[in-house]
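Subject: Structure handover

Hello,

Here is the structure I promised to pass on. Please open it first, then read my notes below.

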Amino acid sequence: MIQPQHFCDILQAQGISFFCGVPDSLLKNLCAYIDDNFATEKHIITANEGNAIALATGHYLGGGKAAMVYMQNSGLGNTINPLTSLTDPQVYSIPMLLVVGWRGEPGVKDEPQHIKQGQVSEQQLAILDIPYVVLNSQSDLNQVLPQLLKVMTEQSRPVALLVRKDCFSPYKTQHKSLSNSQLQREHALTLLLDLFDPQDVVVSTTGKTSREVFEIRQSRGQAASDFLTVGGMGHTSSIAMGVALARADRRVIAIDGDGSMLMHLGALPIIGSHGPSNLVHIVLNNQSHESVGGQPTVAGQINIGQMALASGYQEYWCVDDEASLKNKWSEVIATDGPVLLEVKIAIGSRDDLGRPSSSPIENKRAFMQHVGSA
Ligand SMILES: Cc1ncc(C[n+]2csc(CCOP(=O)(O)OP(=O)(O)O)c2C)c(N)n1
């Protein structure tokens with residue numbers, strides 16, 4: 001296995017000492033090492049992967065040095081626009097090293113949302129004309145990295161490492177949880193699902209939130225008719241807005257995460273300006289990307305309430321424990337939307353948390369039957 005420190009040492013020796021990106025579970029040991037060992041001006045966790053390409057572009061423009069951009073292959077989609085219209089050799093020709101976690105690699109068992117992306121990742125890099133190398137735990141970094149970075153520098157272009165599962169050796173973060181809340185996400189979800197009306201329409205976000213929602217419903221013997229946004233991270237609130245506009249007679253509840261909300265924050269003013277009165281936007285804020293390793297977000301340093309209200313939401317509340325959550329809910333549902341409820345939660349989840357046992361198509365059908373659109 002490759003030690004994260006060894007990897008970063010070689011990069012630094014090759015002149016790369018600025019890191020940015022969005023965390024990925026396959027890269028979590030590398031991300032944790034970088035986060036612990038590089039100062040905040042050398043390592044920035046961006047809202048989405050396209051932002052990271054832009055940040056690396058600015059780093060090169062401002063300092064003449066290439067940066068490393070890390071991401072899950074799900075994030076490749078977010079990078080395609082800046083990679084084709086900004087950094088490509090036919091445009092500004094900007095060197096950078098992309099480190100891409102290869103979820104859904106053909107032949108490796110993975111979740112439905114990773115299958116297609118895993119199949120097309122190599123083709124995507126090829127069609128983008130990005131020279132790449134597949135990295136595995138046995139790769140000889142002393143050979144692979146200098147060769148790839150030579151191409152990057154000589155041709156002044158993005159190059160990539162496509163990183164297989166179990167490539168990096170374990171690294172335990174020294175980083176402490178930023179959240180002060182004691183409320184575990186799964187418990188918050190249990191309380192919320194108790195508070196919801198059976199007629200409510202629920203859209204839940206990417207990562208462990210949707211897995212927990214699914215398990216709670218299953219443990220109660222309830223139909224799994226919530227829409228689980230297993231892919232398309234950052235789009236939960238926009239999906240919910242679409243449903244809310246289509247079904248003005250039903251209360252629609254988006255259960256978002258802080259990382260997910262930040263990824264496509266532009267959704268907020270669009271929701272606020274179009275004002276679906278039947279939309280409740282809940283943000284479970286643990287100030288981290290807990291699902292992929294707990295790397296920090298900036299959600300503890302910003303004022304989500306002011307952002308929501310400035311975006312045109314009708315009302316905002318913040319709760320951080322069981323009593324305040326139960327207490328506020330009647331007010332939330334009595335207020336015309338769109339409204340935003342921030343629930344401050346602790347970092348953490350069960351080790352034995354399962355994965356949805358129904359397929360996305362079954363999930364879609366159950367959801368549409370619940371909404372009355374199928
Ligand atoms: C475009 C994209 N980038 C990255 C990922 C990997 N990913 C899955 S869940 C997640 C973290 C979500 O963080 P947050 O919304 O705060 O929820 P939490 O996991 O903390 O509950 C990330 C980065 C992804 N699925 N899609």
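A word before the details: this is a predicted model.

I started at one residue. Alanine 224 sits in the loop that runs between α8 (208-219) and β8 (227-228). Leaving out residues up to four places away in sequence, alanine 224 touches Phe214, Arg217, Gln218, Ser358, Asn363 and Ala366. Serine 358 is 134 residues from alanine 224 in sequence, yet their C-alpha atoms are 8.5 Å apart in space.

Next, the sheet. Six strands make up an open sheet, ordered β8-β7-β9-β10-β14-β13, with parallel pairing. Its edge strands are β8 and β13 (315-319), and each of them pairs on one side only. β8 pairs with β7 (residues 201-204) in the parallel sense, over two bridges. There, serine 204 stands opposite leucine 228 of β8. At the β13 side, look for helix α13 (residues 322-334). Helix α13 lies across β10 (279-285), β13 and β14 (339-344). It runs at about 165 degrees to β13.

Now the ligand. There are 25 residues around it, and Gly207, Gly257, Gly259, Ser260 and Ser291 come nearest. By class, this shell has 16 polar, five charged and four nonpolar residues. Which elements each supply at least two residues of the shell? They are α8, α10 (258-263) and β11 (288-289). α10 gives the most, with three residues. Both domain 1 (4-163) and domain 2 (185-371) contribute at least three residues each to the shell.

That brings me to the domains. The chain is divided into domain 1 (4-163) and domain 2 (185-371). Their centres, taken over C-alpha atoms, are 30 Å apart.

Best wishes

Technical notes. Residues are numbered from 1 along each chain as its sequence is written. This is a predicted model: local features need pLDDT of at least 70, side-chain atom pairs count only at pLDDT 80 or more; totals for chains, interfaces and linings use all residues. Helices (H or I, at least four residues) and strands (E, at least two) are DSSP runs, numbered from the N terminus. Two residues are in contact if their C-beta atoms, placed from the backbone, lie within 7 Å. Two strands pair if DSSP finds at least two bridges between them. Axes are lines fitted to C-alpha atoms, for helices over the stretch in contact, and angles run from 0 to 180 degrees between N-to-C directions. A residue is near a molecule or strand if its C-beta atom, placed from the backbone, lies within 6 Å of it. Ala, Val, Leu, Ile, Met, Phe, Trp, Tyr, Cys and Pro count as nonpolar, Asp, Glu, Lys and Arg as charged, and the others, Gly among them, as polar. Domain bounds come from an automatic or database domain assignment.
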